[in-house]
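Work through the following exercises with the sequence and the coordinates at hand, and compare each step with its solution.

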Amino acid sequence: MPTIYIKILTINIFMEKSPELKLLKIDIDIDPKEEFKKRMSFSDSQIKKISVKEKKSFFYKFNFESVFEYSGKKEIFENEIYVFNGKIIEGNLNEYALLDGNEKEVKIPDFENYYFMAKKELKKIIQEKTNQITKKLSLEFEAKKSEIEEKFRNETSEFRKSIKEITDNLMALAKEGNMKKIIEEKKLIESLKKKFNFEDIEKDKTMEVELETQKHILNVENRLLRTTVIYYPSFNFICEINNMQVSKSFLANFDPVSEEFQGAICDNCSGQTKEVYLCMSGHITCKKCSVKCDSCKKGFCKKCLKNTCEICSKKICKDCSTRCFRCSKVVCKSHTQKDKITGFYYCTDCLKRCERCSELRDPYSFKVSKKTNAQICEECFRKEMQEKVLGGVFDE
Ligand SMILES: [Zn+2]
Ligand SMILES: [Zn+2]
Ligand SMILES: [Zn+2]
Ligand SMILES: [Zn+2]
Ligand SMILES: [Zn+2]
Ligand SMILES: [Zn+2]
């Protein structure tokens with residue numbers, strides 16, 4: 001019977017007069033720089049400078065009182081609801097050293113939204129209790145209502161019985177023709193009918209049921225007793241790191257209550273990292289995005305280490321990459337050769353080994369030896385020519 005549930009339940013939420021506002025502060029005794037150092041690591045760089053800026057962080061405690069009034073009873077419950085970082089949390093202040101807050105020290109932020117969150121949470125908390133009591137009350141009410149209906153049913157059948165008895169009697173008297181008695185009995189019927197008015201009976205019944213309804217109403221009143229604003233210091237860091245080539249700054253922050261530490265942001269993948277690598281081009285990266293040049297072994301980020309030697313496939317940095325003057329291939333240092341004569345750089349594939357001096361040379365400069373008919377480098381050819389000239393001098 002859903003209508004009855006509605007009838008016996010009224011929840012009056014949030015009657016607020018002026019609740020108390022309390023300001024507390026958590027005494028936090030830490031060295032923020034040490035906390036920073038504990039949480040960050042630098043594999044290929046070191047800290048040059050850390051600057052710390054303190055800011056105030058807040059969380060909130062709302063104390064509500066819920067009064068359940070029913071069947072002439074009053075039950076009072078107090079609920080404590082914590083809101084931290086926009087979330088309802090399981091709060092416990094016991095582990096902190098609390099001091100009285102100083103209003104001059106902080107500007108209390110607007111916490112209306114958090115209050116609404118706490119209210120919502122309170123509704124959830126009291127719902128179970130409310131359901132329990134409502135169920136109990138409605139069962140009780142149903143029993144009482146049946147009792148009343150039973151009572152009235154009995155009374156009605158009682159009345160019908162006596163009317164029938166008198167009527168039967170009247171019939172017998174009519175046969176006898178006892179007029180005096182007949183008049184008496186008729187009077188009795190009249191007075192009985194007067195006493196037993198069905199409309200009135202129905203009204204009485206409704207009233208009795210209504211009375212029971214009133215007795216089984218649940219009234220719940222919730223009141224915000226106290227708001228406690230708790231503040232504490234949290235820390236923003238600017239950290240400058242360097243290696244032998246570059247220096248770079250990044251931001252980090254630490255909340256000593258939630259123990260949340262936000263480290264550097266990787267310049268490559270934008271992920272947060274507590275293990276910092278410093279790219280030789282000045283990018284902060286995470287471990288995943290850091291790569292070493294296969295040639296010089298210096299650390300870079302993936303974006304800066306794009307080159308691959310087209311001969312040996314090594315990943316190489318810009319400093320270690322050379323473009324071949326002839327074929328335009330990008331090659332690593334071990335696959336680069338400088339032609340001593342022209343001064344140009346070539347990949348090792350584009351140079352030819354001179355069989356006389358064993359050096360790699362630009363193949364286009366090779367000449368055929370007059371002495372051996374072999375392809376030799378320009379330098380060796382020149383030497384050969386000089387020797388020939390000199391030899392000729394001595395020959396003559
Ligand atoms: Zn990354
Ligand atoms: Zn390199
Ligand atoms: Zn980089
Ligand atoms: Zn080449
Ligand atoms: Zn190579
Ligand atoms: Zn040569």
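The expected span of a helix is 1.5 Å times one less than its number of residues, and helices (H or I, at least four residues) and strands (E, at least two) are DSSP runs numbered from the N terminus. The model is a predicted one, in which local features need pLDDT of at least 70, side-chain atom pairs count only at pLDDT 80 or more, and totals for chains, interfaces and linings use all residues. Residues are numbered from 1 along each chain as its sequence is written, while chains are lettered from A and ligands numbered from 1 in the order in which they are written.

**Exercise 1.** Describe how helix α3 packs against helix α5.

Solution. Helix α3 (residues 112-176) and helix α5 (residues 198-215) have axes 10 Å apart, at an angle of about 165°, where axes are lines fitted to C-alpha atoms, for helices over the stretch in contact, and angles run from 0 to 180 degrees between N-to-C directions. Therefore α3 is roughly antiparallel to α5, a term for angles over 145 degrees.

**Exercise 2.** Classify Lys-315 as buried, partly exposed or exposed.

Solution. A residue is buried if 20 or more other C-beta atoms, placed from the backbone, lie within 10 Å of its own, exposed if 12 or fewer, and partly exposed in between. Lys-315 has 18 other C-beta atoms within 10 Å, so Lys-315 is partly exposed. Lys-315 lies in strand β18 (residues 315-316), and its C-alpha is 54 Å from that of Asp-110, at 205 residues apart in sequence.

Methods. Parallel < 35°, antiparallel > 145°, perpendicular 65-115°, else oblique.
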